[in-house]
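Q: Could we go through this structure together? I would like to begin with the ligands.

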Amino acid sequence: MVTAQTPLNLFGTDDLVNAEDRAIALAVRKYVDDNVRPHIAGWFESATIPARELAKELGDLGVLGMHLEGYGCAGTSATAYGLACLELEAGDSGLRSLVSVQGSLAMFAIWRSGSEEQKNEWLPRMAAGDAIGCFGLTEPDFGSNPAGMRTSARRDGDDWVLNGSKMWITNGSVADVAVVWARTDDGIRGFVVPTETPGFSAPEIKQKLSLRASVTSELVFEDVRLPGSAMLPEARGLSGPLSCLNEARYGIVFGALGAARDCLDTAIAYSLDRMIFDKPLAAYQATQLKFADMTLELGKGMLLALHLGRLKDAGKLSSDQVSLGKLNNVRESIAIARECRTVLGANGISLEYPVLRHANNLESVLTYEGTSEIHQLVIGRAVTGQEAFR
Ligand code: TGC
Ligand code: FAD
């Protein structure tokens, strides 16, 4: 009998992370274990989350916009941010989504492209979790191809008037501020929209079978009048929103592995307890072959994530490289989650265990922030020089 070790311990990936980043990851893991795990199945089942309370707690934990500098943000390494995403998603993809959208999309857009006035008004409150943000890019008819967006902002004197709608927007109905991308006479521009502005509404999307512990909404703009100062001055064209997506996709490279790790840990523990034909399920070769293959994919994904983290910390990470990580790690994580579900048999379909919840969540993760096919096409373009999107 040998002493068992976890899949990631076998890979020794902890040794690739410095003490400071590891301590941050452990603090996030403890927060998730103490404050999320006891409630998550109930939140998922009822499709309700205490978003405001969670945002405040996550602000206190220091993970909102944690890799940004200044304006109340923690200014950690990119690797620490990735590891935090991993630990949050080990709890639930919905929790990581809340943090991704807040920090990597809404806050990052303002941090990178906003005026000093916009940064000072929103970033400290968002970092503290006192204000929630959302990011409106996708429209009902334009998801993978945001260049076709129809939402428009037209000048009226010094003001802007916004009309149109966005679809599938995380945090939409609970947000205090929406970063909205719209077509103008000057191309695609971003706008900082306080959600209390007349003409703004955000009906929640119901009946989701995935990311149930996350608020997803439509955004509707009916003659939403904004001051001239609402536009993000430094974001011009589609590269404005796409640059924000790189940040959130990077978090998902790590995050998805958290869900996979939780599934694999759960399945291994279950198989050790579950007696089948008079011996533990873990002691059958067919089971161990599954675990060996899943361990390899989890570990390889972690090595890729840490490599991309190092590149990002060195300021060298390209958007094509982010696509490598997003495609591989989400695709492998959902495969791991589904395989782990088989190990649990009928118990695998119950919310008593996290496995099918993670698998269902990963269906959204596979689709948002660029579908797998879009990332395949990005990688295809990188290695052939030929565009195949259109
Ligand atoms: P294309 O002509 O390639 O590019 C237009 C301009 O953008 C630049 N660019 C990028 N810049 C930064 N980062 C990137 N990743 C970039 N990709 C392209 C490009 O250089 C160009 O700049 P310029 O200055 O020359 O104008 O654009 P395209 O229309 O051909 O589209 C390319 C494509 C298909 C890759 C892009 O549209 C795409 O990524 N589509 C997927 C859309 C997507 O991912 N949507 C996500 C919405 S947000 C979300 O899902 C949040 S869920 C979060 C959660 O809950 O966790
Ligand atoms: P489509 O673009 O219609 O794609 C349908 C299928 O066609 C996919 O399989 C796709 O890969 C494939 N396809 C597309 N183009 C090609 C091509 N050129 N070649 C071959 N196949 C192709 N968006 C936001 O802006 N903000 C958010 O906060 C946000 N949160 C989300 C939360 C959830 C839970 C979900 C599910 C989505 C969220 N989204 C958000 C939207 C998400 O980004 C889009 O769903 C995604 O970009 C895909 O767009 P679509 O759903 O319109 O699919």
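A: Ligand 1 sits in the largest pocket. A pocket is, on a 1 Å grid over the protein atoms alone, an open set of points with protein on both sides within 12 Å along at least five of seven lines; a molecule sits in one if more than half of its atoms lie within 2 Å of its grid points. The model is predicted: local features need pLDDT of at least 70 and side-chain atom pairs count only at pLDDT 80 or more, while totals for chains, interfaces and linings use all residues. Residues are numbered from 1 along each chain as its sequence is written, chains are lettered from A and ligands numbered from 1 in the order in which they are written, and side-chain values use heavy atoms, with hydrogens and water left out.

Q: How many residues surround ligand 1, and which are the closest?

A: The shell around ligand 1 holds 26 residues, the closest being Ser97, Asn246, Arg249, Gly370 and Arg390. A residue counts if one of its heavy atoms lies within 4 Å of the ligand.

Q: Which helix gives the most to that shell?

A: That is α7, with 6 residues. At least two residues each come from α5 (93-113), α7 (239-273) and α11. Helices are DSSP runs of H or I with at least four residues, and strands are runs of E with at least two, numbered from the N terminus.

Q: And which polar contacts does ligand 1 have?

A: Taking a polar contact as a pair of N or O atoms within 3.5 Å, a polar side-chain atom of Thr170 lies 2.9 Å from an oxygen atom of ligand 1. A polar backbone atom of Gly370 is 2.8 Å from an oxygen atom of the ligand. Of the 1100 Å² of accessible area that ligand 1 has on its own, the protein covers 74%, by the Shrake-Rupley method with a 1.4 Å probe.

Q: Switching to ligand 2: why does it lie between two domains?

A: It does so because domain 2 (134-230) and domain 3 (239-384) both give residues to its shell. The domain bounds come from an automatic or database assignment.

Q: Which elements supply its shell?

A: β3 (159-170), α10 (355-367) and α11 (372-384) each supply at least two residues. In total, 18 residues surround ligand 2, with Thr138 and Trp168 among the closest.

Q: Where are the contacts of those two?

A: A polar side-chain atom of Thr138 lies 2.7 Å from a nitrogen atom of ligand 2. For Trp168, a backbone N or O atom lies 2.7 Å from a nitrogen atom of ligand 2.

Note on methods:
Polar contact = N/O pair within 3.5 Å; in protein donor to acceptor, adjacent residues only side chain to side chain. 1 Å grid on protein atoms, 1.4 Å probe; cavity = no way out; pocket = protein on both sides within 12 Å on 5 of 7 lines; lining within 4 Å.
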